[in-house]
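Colleague: I would like to learn how to read a structure like this one, feature by feature. Could we go through it together?

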Amino acid sequence: MAQGTPVKHKKKTKSVLKNIRQTERRAAVNRMNRTRVRSAMRRMRTALTGGNVADAEKLAPSTFSELDKAIRKRTLPENTANRYKSRLTLALNALKTKKS
């Protein structure tokens with residue numbers, strides 16, 4: 001395109017505007033769910049790196065529950081969430097064996 005030539009803009013239809021609204025709403029919900037999962041995982045990881053077995057064991061069920069909710073709400077793919085759960089469990093078991 002030559003510089004300075006006017007660009008034609010198409011008028012947005014009702015359906016396009018509705019799709020924009022739906023996308024914004026879904027993105028907000030997904031962001032909220034993803035934040036909740038990441039916060040739970042961060043709490044669990046800090047307990048694991050701190051060497052606190054009791055706290056990590058207490059946080060494990062709630063963290064896994066958040067991951068399962070993320071799967072159900074399709075915020076996270078199932079394999080991704082299962083990989084996270086597996087790695088957290090391995091770290092928790094390693095910490096338990098190290099302490100005993």
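Colleague: How many residues does α1 have, and what distance does it reach from its first C-alpha to its last?

Modeller: Before the answer, please keep in mind that this is a predicted model, in which local features need pLDDT of at least 70 and side-chain atom pairs count only at pLDDT 80 or more, while totals for chains, interfaces and linings use all residues. Residues are numbered from 1 along each chain as its sequence is written, and side-chain values use heavy atoms, with hydrogens and water left out. Helices are DSSP runs (H or I, at least four residues) numbered from the N terminus, as are strands (E, at least two), and the expected span of a helix is 1.5 Å times one less than its number of residues. For α1, which has 36 residues, the reach is 52 Å, close to the 52 Å expected.

Colleague: Which residues of α1 are buried, and what covers them?

Modeller: Buried means under 20% relative accessible area, exposed means over 50%, and partly exposed is in between (1.4 Å probe, protein chains only). In α1 the buried residues are Asn33, Val37, Ala40, Met41, Met44, Ala47 and Leu48, and their cover includes α2 and α3. Take Ala47, which counts as buried because its relative accessible area is 8%; leaving aside residues up to four places away in sequence, Ala47 touches Asn52, Asp55, Ala56 and Leu59, where contact means heavy atoms within 4.5 Å.

Colleague: Where does α2 have a kink?

Modeller: The bend at a residue is the angle between axes fitted to the seven residues ending there and the seven starting there. In α2 a kink of about 35 degrees lies at Ala60, shortly before the proline Pro61.

Colleague: How should I read a salt bridge, and how many does the structure hold?

Modeller: Side chains of opposite charge can pair when their charged atoms come close. A salt bridge is a side-chain nitrogen of Lys or Arg within 4 Å of a carboxyl oxygen of Asp or Glu, and the structure holds three. One of them joins Asp68 and Lys85, with the closest N and O atoms 2.6 Å apart. Asp68 lies in helix α2 and Lys85 in helix α3, so this pair ties together parts that are 17 residues apart in sequence. Another joins the side chains of Glu57 and Lys96 at 3.1 Å, N to O, and it links distant parts of the chain, with Glu57 in helix α2 and Lys96 in helix α3, 39 residues apart. Lys69 and Glu66 form a further bridge, at 4.0 Å between the closest N and O atoms, and both lie in helix α2, three residues apart, about one turn of the helix.

Colleague: Is Glu66 buried or exposed, and which residues does it touch?

Modeller: Glu66 counts as buried because its relative accessibility is 16%. Apart from residues up to four places away in sequence, Glu66 touches Arg36, Val37 and Ala40.

Colleague: What is the phi of Arg74, and where is its place?

Modeller: Most residues other than glycine have a negative phi. Arg74 has a positive phi, near 60 degrees, in a residue other than glycine, and its place is in the loop between α2 and α3. With 74% relative accessibility, Arg74 counts as exposed.
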